Amino acid sequence: MTETLALFVALLAELFPNGISHYAIGGLFVGLGVAVIYVGTAIPAGASTFLESTLSYGSSLSRFQQYRPSRDWRVVFTVGIVLGAAVYAVTVSPQDGLWTTDVQWWRLLVGGILIGIGTRVGKGCTSGHGVCGVGSVSSASFVGVATFLFVAIGTAQLVQAVGVVP
Amino acid sequence: MSAEHEQHPLFLPLVFVGGLIFGFGLGFSHMAQPEVVLSFLQFTDFGLLFVMFGAAIVTGITFFGVKQFRSTAPLTGAVYGRRLKSLDRNVVIGGGIFGVGWGLSGICPGAAYASLGIGNFPILYGIVGMFIGAYIQGFWRSTRAESTAPTTAAD
């Protein structure tokens with residue numbers, strides 16, 4: 001019995017070397033942010049529609065103009081996200097506020113382009129499909145999440161295997 | 001086609017507060033740091049599962065629970081519904097393209113906005129990339145829609 005428990009603790013330490021509390025608490029806040037907006041407006045807000053709705057300010061393409069009714073509040077939502085993270089950086093963890101990523105710029109840029117295409121073609125991102133869609137028990141979102149999760153794992157493992165670090 | 005926020009004076013303040021909480025959570029969960037997301041995808045730290053499913057449980061309870069108390073939202077009058085999208089080929093194709101981008105960079109849209117707020121300025125490469133990608137697919141799909149239905153006006 002004690003051996004089983006010790007094995008379980010060791011397994012947890014192996015799977016979660018940095019603990020789980022900040023992940024779980026952070027996740028609850030992410031869900032709470034969505035919930036606050038939903039209760040007031042019935043809108044399940046995702047993060048990636050902002051990319052297209054914001055392009056409607058400068059482009060007359062029909063694909064972007066369809067998001068015109070929501071583009072203003074999506075800007076406000078995104079500004080809120082940026083400032084909310086800034087509040088975290090200056091209050092909870094000032095020392096963490098000083099880091100910048102070591103992931104190479106071309107990975108961010110090329111990855112960003114693929115994310116821009118993929119989230120919009122695929123009807124959602126980690127918040128739209130992953131949080132709102134899964135929370136809605138939507139079969140399209142389960143398929144979407146499973147797809148991008150498995151492909152991302154394969155890609156990240158491949159990138160690491162060919163020696164691209166960081 | 002009026003803007004959605006014109007419906008109630010508290011609409012935009014509420015969206016802003018929701019965004020603040022959302023962004024705070026992304027910072028707190030370390031998802032704004034690409035290295036942490038990559039450590040999940042490379043199987044050295046599975047904490048991301050707690051973030052995504054923890055958040056989904058909260059939204060799930062809210063989406064299903066709020067309907068027990070009222071049928072329409074106070075600020076919009078809209079009926080409470082679930083986030084349902086039609087399941088077609090695009091979900092898999094787009095999800096696959098997004099997956100390659102996510103796995104290559106360790107960033108996703110919401111976490112990238114949050115990362116900017118933390119002061120991680122190199123994330124701008126990723127955010128600029130996302131706008132370029134969104135534009136590419138929008139341009140392609142808009143022109144394709146026009147060539148197949150030339151007389152249909154945009155909505």
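1. Buried residues make up 54% of the 155 residues in chain B, where buried is taken to be 20 or more other C-beta atoms within 10 Å of a residue's own, with C-beta atoms placed from the backbone. This is a predicted model, in which local features need pLDDT of at least 70 and side-chain atom pairs count only at pLDDT 80 or more, while totals for chains, interfaces and linings use all residues. Residues are numbered from 1 along each chain as its sequence is written, and chains are lettered from A in the order in which they are written.

2. Chain B holds six helices and zero strands, helices being DSSP runs of H or I with at least four residues and strands runs of E with at least two, numbered from the N terminus. Its radius of gyration, over C-alpha atoms, is 19 Å, well over the 15 Å of the globule rule (2.2 Å times the number of residues to the power 0.38) for 155 residues, so chain B is more spread out than a compact globule. The C-alpha trace of chain B spans about 50 × 45 × 30 Å along its principal axes.

3. To the contact between the chains, chain B brings 114 residues and chain A 112 residues, a contact being C-beta atoms, placed from the backbone, within 7 Å. On the side of chain B that touches chain A, helix 6 of chain B gives the most, with 19 residues. That side of chain B divides into 68 nonpolar, 38 polar and eight charged residues, with Ala, Val, Leu, Ile, Met, Phe, Trp, Tyr, Cys and Pro counted as nonpolar, Asp, Glu, Lys and Arg as charged, and the others, Gly among them, as polar.

Note on methods
Contact = placed C-beta atoms within 7 Å. Buried ≥ 20, exposed ≤ 12 C-beta atoms within 10 Å, placed from the backbone.
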